[in-house]
Amino acid sequence: MFNKEIESMPVDKMKELQLERLKWSIRHAYDNVPFYKKKFEAAGFHPDQFKSLDDMKRVPFLTKQDMRDNYPYGLFAVPLNKVVRVHASSGTTGNATVVGYTKNDVNVFAEVVARSLVSYGVSENDVVQIAYGYGLFTGGLGLHYGSEKLGALTVPMSGGNTPRQLMLMQDFGTTVFCSTPSYALNIADFIEKNMPDFKIESTKLRIGVFGAEPWTEEMRAEIEQRLKIDAYDIYGLSEVIGPGVSAECKEKNGLHVFEDHFYVEIIDPDTGEVLPEGEKGEIVYTSLTKEAFPGIRYRSRDITRLYHDGCSCGRTLVKMDKVTGRSDDMLIIRGVNVFPSQIESVLMGFEGTEPHYQIVVDRKGSMDDIEVMVEVNEKIFSDEIKVMNNLSKNIADRFRSSLGISAKITLVEPQTIPRSEGKAVRVVDKRKGEA
Amino acid sequence: MNVTQLSAFVTNKPGHLQKVLKVLADENINIITLTIAETMDFGILRMIVNDPDKGYKVLKEHNITSSITDVLALEIDDTPGSLYNALDVFAKLNLNIEYMYAFTEKREGKAVMIFRFEDIDSAKKALSDKGYNIVRKIDIIGENK
């Protein structure tokens, strides 16, 4: 364990620590962010009334929309000269959400990522190649600081450029690879297709750290088998801190939440009522130590459950199930849960595609039908039909193996897919209204 | 100098091909011959034009996905069996033809075939060795372009 005292703290003691920190965090938000003060007052809640964990249910929720409405700095609780970094979401469906970090916050972020890495068995002797995008997205820099904090040799490769990823993997003796799970599968595909002489066994790769999109146990099995590694889930969201909110341990069965920094509750997404431990619902986060961007009862829309199972790894931290669903943008296609982000990752893996795509879900008879339209840009265009047909076929194969669904791939001309505010409309669900 | 082919990606729906042709017409680009390979959803329009570089540029400006490729233009006798004999050269050398099409008009009493190869140089060499006349860019589109 990276922080044994915290990670194996008796549950009662952790609750005491949480209560103490919650009092500070709620007060901090109320005193320094006019938005929280107004919201608390409107709900008839005052920080002085907060005496026990049970009082949490009186604190109003924070939503993604609140964050958008306060773009860019409206929810910061410290003066900008104390903020040393910002990250932001893409803003696909509205204003971007901007999150800020003080020096302390950056340290906490690095600490929770370091703890995650240690729980997978990573140590300072490892060479950690980070293939998450570096930039406004929390993945790249988040893993980077955590890996450095642990003292591992950190390779800031960033995303894309598969041949170079593989070259570095071999030349630098990479032992730990961090990326989205679908990118890992794309690497496996790339090796199979383009580098028949490349033996994954000849590299020193042993551990994969995957996150930033929901993935299934089937994908884990496929990644582990094809890349000959142990694949672990790292979970997080930028609104809370980034990757490292929770992490799997060697058990690969649930993720331990670093609950000395993040207080978690499960609520009924319809009523907002807090559910008892073990029940499935929407997970809600409250930051306990964050200075720049406190988040008080943030509704994540992620569906999971919380439980203590006396984990064999020795961590006493509460566990959450691997998140496989969000309550808002998930599509259920022939009983399979599919997220637009997963579809995006499938397409991103195709060299040269920064594709505009649109998913059209329709019902033909009693069957759901999924069509993915992909705009053909110059990088993927060929004058040969067989090359174009192969492209469609490869995309369809990738869909089948990573999402478990058959999709019809339709290649279309540029500018065919309608755009709103410059971004493509990603999903059209024609089934709506008849279900 | 190889003959250059201009190709464009066209959705297989009414009006889409016309849009490409309008761009070329507006820019005064003449199509010397063309062929379309079609699928259910899209077609690939392949053309020999008088100014492929300009054609590529203007299609790109109009957001039409396009490319330029070297192809082999071969002059053969306009008689039964001539094409068979030419293909025999490729078959014997195991050179796969990706696709082929013909000029719409006879040139000086001869037919001209366009071939697309992965390995255009081997195909050219094989034909030259057999005494075939490979049509050059200059023969088709003239000195000035």
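The legends below describe close-up views of a predicted model. Residues are numbered from 1 along each chain as its sequence is written, while chains are lettered from A and ligands numbered from 1 in the order in which they are written. Local features need pLDDT of at least 70, side-chain atom pairs count only at pLDDT 80 or more, and totals for chains, interfaces and linings use all residues, with side-chain values taken from heavy atoms and hydrogens and water left out.

View 1. A disulfide is a covalent bond between the sulfur atoms of two cysteines. Here the term stands for a pair of cysteine sulfur atoms within 2.5 Å, and the structure holds zero of them over all chains. The closest cysteine sulfur to that of Cys311(A) belongs to Cys249(A), and at 3.6 Å it is too far for a bond. Cys313(A) is in no disulfide either, its nearest cysteine sulfur being that of Cys311(A), 3.6 Å away. Cys311(A) is buried, at 9% relative accessible area, whereas Cys313(A) is partly exposed, at 23%. Buried means under 20% relative accessible area, exposed over 50%, and partly exposed in between (1.4 Å probe, protein chains only).

View 2. Thr102(A) sits in the loop between β2 (98-101) and α5 (103-120) of chain A. Helices (H or I, at least four residues) and strands (E, at least two) are DSSP runs, numbered from the N terminus. With a relative accessible area of 4%, Thr102(A) is buried. Beyond its neighbours within four places in sequence, Thr102(A) has contacts with Val78(A), Lys82(A), Val83(A), Val84(A), Glu291(A) and Ala292(A); contact means heavy atoms within 4.5 Å.

**View 3. The fold of chain B.** Chain B has five helices and seven strands, in the order β-α-β-β-α-β-α-β-β-α-β-α along the sequence. Its radius of gyration is 16 Å, close to the 15 Å of the globule rule for 145 residues, so chain B is as compact as a globular protein of that length. The radius is taken over C-alpha atoms, and the rule is 2.2 Å times the number of residues to the power 0.38. Of the contacts in chain B between residues at least 6 apart in sequence, 69% join residues at least 24 apart.

**View 4. Burial and surface of chain B.** Of the 145 residues in chain B, 48% are buried. The chain exposes about 7,800 Å², with 48% of that area supplied by carbon and sulfur atoms; accessible areas come from the Shrake-Rupley method with a 1.4 Å probe, and for residues only the protein chains shown count as cover.
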